[in-house]
Amino acid sequence: MFGLTHDAIDRLSDAHTWESGATYWASGEQTTLTCCRVVDETHDVKSFEFRVGDGTPIRFEPGQFMTVSASVQGQSVERCYTISSPPTRPYLVSITVKSVPGGVMSNWLHENMKPGTQLRAFGPSGSFTPTAAPATRSLYLSAGSGVTPLMSMTRASIDLGLDRDIVFVHSARTPADIVFREELKKLTELSPRLKTFFMCEGVGDEDGWSGPVGRLSLQLLSQWVPDYIEREVFTCGPAGYMNAVRTLLHEGGHNPARYHQESFDISAGVAPEPIAPASEAAQQSFTIKLSRSSKTFTMNAAETVLSAARKAGVAIPSSCSQGMCGTCKTKVLEGTVDMNHNGGIREREIQKGFRLLCCSRPTSDLVLEL
Ligand SMILES: Cc1cc2nc3c(=O)[nH]c(=O)nc-3n(C[C@H](O)[C@H](O)[C@H](O)COP(=O)(O)OP(=O)(O)OC[C@H]3O[C@@H](n4cnc5c(N)ncnc54)[C@H](O)[C@@H]3O)c2cc1C
Ligand code: FES
């Protein structure tokens, strides 16, 4: 077997390994994954299945993501990808990646990942998991590649024979763009309490498409899921889709406390926004020094440190730009920042002086350990 040591093969062959439970792979911890299979899901989406280099089983929660890292044209690039496989199959992790036009990592993965190829990855993170909001009845709403966390949740539920009451509504551009179409149909046959519905913006080449065409409406949702108001809702997809879904549910009277969403949107990373009020404080200018490279740049208080560093030509590893993944974690040696994170850093790391630069704005001059 490619990439596996004899010890690892022995371990995988030993029944005790299966009984011993999976190892915890901490979110900041780097490991090497070995690709064992590439699956063409649609014309522009592939799944990459990996084994941890030494054959160790992995523990994670359905819906969590990992951060993968690769050297692309001499630059270190990091991006988050949801683990689309369920934690009930702890010897294998898969990610399902849509090739984004002009996108660095997604296209690099599509072109380079083959059985035997190794990939650096940082352990699972994220709180978009059903364990955060246990429910007897759930509604999964996804669009495009946003299907991945909901797929991991659904696969886990079916693997465990939980027979949970799940309605899975997936929107795609055309029928040919529906990721996991056949598998979702099969899972529906396996579990009478799982219902799946697909809808498409257009029929594309599939003239025989009998499902609805257009965008999800309250009328359609009420028809498919008459009890949607009583369900815990998990939504993942492009920002526009999620905004539309939130508005629609709000109009329908769904309780926002039972609504959970995850954004894959990278727009914040591409063009980070300054904080709204152009107050005097926000106009203040600060000097940022990098202790290792001796570089210096100035920025105003309204910007995130990551965004200002990018503008100054300083490359800082980052992925989600939303304070979730922890990729941009950096020690602040001197000075103070205002950090507004989304779970990508632990309290003890904050105590040690680390901050997430994608969601930190300076409140004084800074010296960073970079
Ligand atoms: C928590 C999380 C989970 C995710 N899970 C998945 C998943 O399961 N599957 C999946 O496919 N994706 C997922 N993503 C998205 C993924 O992390 C990447 O953002 C995505 O693959 C695009 O990365 P890229 O390197 O290919 O594109 P990038 O190189 O980051 O570029 C993306 C787009 O921005 C444009 N762009 C780049 N730089 C600029 C610029 N300076 N100005 C203007 N435009 C620019 C590019 O042309 C391209 O269109 C997830 C993201 C998050 C945060
Ligand atoms: S880039 Fe993900 S936490 Fe900063």
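Q: Among contacts in the chain between residues at least 6 apart in sequence, what share joins residues at least 24 apart?
A: This is a predicted model, where local features need pLDDT of at least 70, side-chain atom pairs count only at pLDDT 80 or more, and totals for chains, interfaces and linings use all residues. Residues are numbered from 1 along each chain as its sequence is written, chains are lettered from A and ligands numbered from 1 in the order in which they are written, and side-chain values use heavy atoms, leaving out hydrogens and water. A contact here means heavy atoms within 4.5 Å. Take the contacts between residues at least 6 apart, and the share joining residues at least 24 apart is 68%.

Q: How much of the chain is buried?
A: Buried means under 20% relative accessible area, exposed means over 50%, and partly exposed is in between (1.4 Å probe, protein chains only). Of the 370 residues in the chain, the buried ones make up 52%.

Q: How many helices and strands are there in the chain?
A: Both are DSSP runs numbered from the N terminus: helices are H or I with at least four residues, strands are E with at least two. On that count the chain has 11 helices and 20 strands.

Q: Which residues of α7 are buried, and which exposed ones sit on the face turned away from them?
A: Helix α7 covers residues 239-251, and its buried residues are Y241, M242, V245, L248 and L249. They cover an arc of only 125 degrees around the axis, so they lie on the same side of α7; the arc is that of the directions from the helix axis to the C-beta atoms. Elements covering these buried residues include β9, β10, α6, β12 and β13.

Q: How are α4 and α5 oriented to each other: roughly parallel or roughly antiparallel?
A: Their axes are 11 Å apart and the packing angle is about 30 degrees; axes are lines fitted to C-alpha atoms, for helices over the stretch in contact, and angles run from 0 to 180 degrees between N-to-C directions. Angles under 35 degrees count as roughly parallel, over 145 as roughly antiparallel, 65 to 115 as roughly perpendicular and the rest as oblique. M151, T154, R155 and I158 in α4 meet E183, L184, L187 and L190 in α5. The two helices are therefore roughly parallel.

Q: Is H110 buried or exposed?
A: H110 lies in helix α3, and its contacts beyond four places in sequence include D44, F48 and V97. With a relative accessible area of 16%, H110 is buried.

Terms used: The expected span of a helix is 1.5 Å times one less than its number of residues.
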